[in-house]
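Here is a friendly walk through the structure shown below. Have a look at it before reading on.

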Amino acid sequence: MDRTASAAHSSHDELLIARLFGGDVDETERAQALDLMADCPECAALYADLRAIADANAAMPIPPRPRDFTLTAADASRLRRKCHVWSPIFGAGLRRSLGSSLAAIGLAGALLTGVAWFLGGSMTATSGTLMADQGVQAPVAAAAATPAAAATAAGGEPRPGAIGAAPSDATAAPVLGPGANPVPAASAPDGGNPAALPTAEPTTASGQQFNGASPIALFGGENGASGTKSATTEGAASQSGMDARLLWLAGFGALFAIGLTIALLPRLPRGRGRGTRT
Amino acid sequence: MADGQVVTRARTEDQVRADALGQGIDAALVEEALRGRLEAFNELVTRHQDHLFALVYRLVPDRDQAADAVQEAFFNAYRNLASFRGGSVKSWLGRIAVNAAMDMQRARRRRPSQQYPEFEDDSWQPPADKDVEPESKALAAERTEALARALGDLPAEQRNCIVLFDVEGYDYAEIAAIMRVEVGTVKSRIHRGRLALRRALISNRELFRG
């Protein structure tokens, strides 16, 4: 085969020859392909090779079948059994995805709840209370306010946790309404040193000076009126917050467990486990 | 075929008659199997297992894996016997087997292994007529090995289409339905696959002539 013929063949459409061989040409293309084969020996050789390869492929010997594929009674019984309960609802892939998602949500929720729990007393107590009952926010701050005022009354430094909580009785810390003058809190009923009172930093109900207190605690006590809750209510609210946290933790834990179960639960045997497409 | 005559897929009258008879027997066996007779289904298995194994072996070039795929295909067929809507049982089983083979191919992609190990193994040799000259026998074995290797190197999609077209005699539309792709895609895979096969075998082209 000379070089000129090879160079000419390189510009020929081999795919057209393959399509001619596969009977996938219209009349015009067929004429073009036949012209190519008549003029180009390499195109003709290509067609001959395609035919020889197809014939060899069809005649390719196959090794003997390694076993008999008839079904045993046990196979038949197993195959007749109902599919796993999940199978009619969704396939294995979707089941795993859903299970993993649920487990992830449950785990994240449980972690968040746990972290919130351990982050600190007033913060978590308030957040727990908030989650449980939006209407019982103030008692948490009030719970902090009362000991602070007591400490003040006893001559100690006032605790900043009382910020924003209105006094429920004579032991309350000083509170200012917006624009109001700082007024010392009432003196301690037990006769504590009144001189200690001015050391208590005046604060406003809007929490402009909170002296490092947790904003959540402020949030809990921003309504001064709410600070009038009694100690009994505080205890109940604290218990309620604890219950709510436990409830959330249990819920997230259950979600995690359910998700994990869905994702990992093995399907009952169905043949050899692959899906069926017929 | 240098005169440009395209491949024809005509079947003889005897073949058509034999196919019709076979389809009648298959249909009766399906009916029996649907009534719960396992023996009837196993008769179907016996009738078609050689053909299905030959088909799947060309798609999954490993004897053990091909056998697993065929077994899976028969399991699937038994499980879904009620979904058989008439027509050719052979084609229906063939479609199930091709799907099982493609599942196996996907598994093989994750765990590559040697292609057509039987052709590398001297303990198994393709059967040959007793009258065939030893030289011709050796030539045939060499051709088979070269072709098997070239087929194994083809992308599975191209190989599947070529096998279904050249060996099984499906037309483009049937292959498209089996493989769930467009007819044009099937045509492209077959034509390009053939050209790729030819390129792979160009150094052995003498093995395929005469």
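In chain A, 69% of the contacts between residues at least 6 apart in sequence join residues at least 24 apart. This is a predicted model. Chain A has ten helices and zero strands, so its pattern along the sequence reads α-α-α-α-α-α-α-α-α-α. Of the 278 residues in chain A, 30% are buried.

Now to the other chain, and to one helix in particular. Helix H3 of chain B covers residues 63-79. Its 17 residues should span 24 Å at 1.5 Å a residue, and the end C-alpha atoms are 24 Å apart, which agrees. H3(B) is also mostly covered, with twelve of its 17 residues buried. Among them are Arg63(B), Gln71(B), Glu72(B) and Asn76(B), and the list also includes Phe74(B), Phe75(B) and Tyr78(B).

How many residues does each chain bring to the contact? Chain B gives 54 residues and chain A gives 43 residues. On the side of chain B that touches chain A, the elements giving two or more residues are H2 (38-59), H3, H4 (89-110), H6 (134-153), H7 (156-167) and H9 (183-200) of chain B. H3(B) supplies the largest share of that side, eleven residues. The table sorts the side of chain B that touches chain A by class.

| Class | Residues on the side of chain B that touches chain A |
|---|---|
| Nonpolar | 28 residues |
| Polar | eleven residues |

Terms used:
Residues are numbered from 1 along each chain as its sequence is written. Chains are lettered from A and ligands numbered from 1 in the order in which they are written. This is a predicted model: local features need pLDDT of at least 70, side-chain atom pairs count only at pLDDT 80 or more; totals for chains, interfaces and linings use all residues. Helices (H or I, at least four residues) and strands (E, at least two) are DSSP runs, numbered from the N terminus. The expected span of a helix is 1.5 Å times one less than its number of residues. A residue is buried if 20 or more other C-beta atoms lie within 10 Å of its own, exposed if 12 or fewer, and partly exposed in between; C-beta atoms are placed from the backbone. Two residues are in contact if their C-beta atoms, placed from the backbone, lie within 7 Å. Ala, Val, Leu, Ile, Met, Phe, Trp, Tyr, Cys and Pro count as nonpolar, Asp, Glu, Lys and Arg as charged, and the others, Gly among them, as polar.
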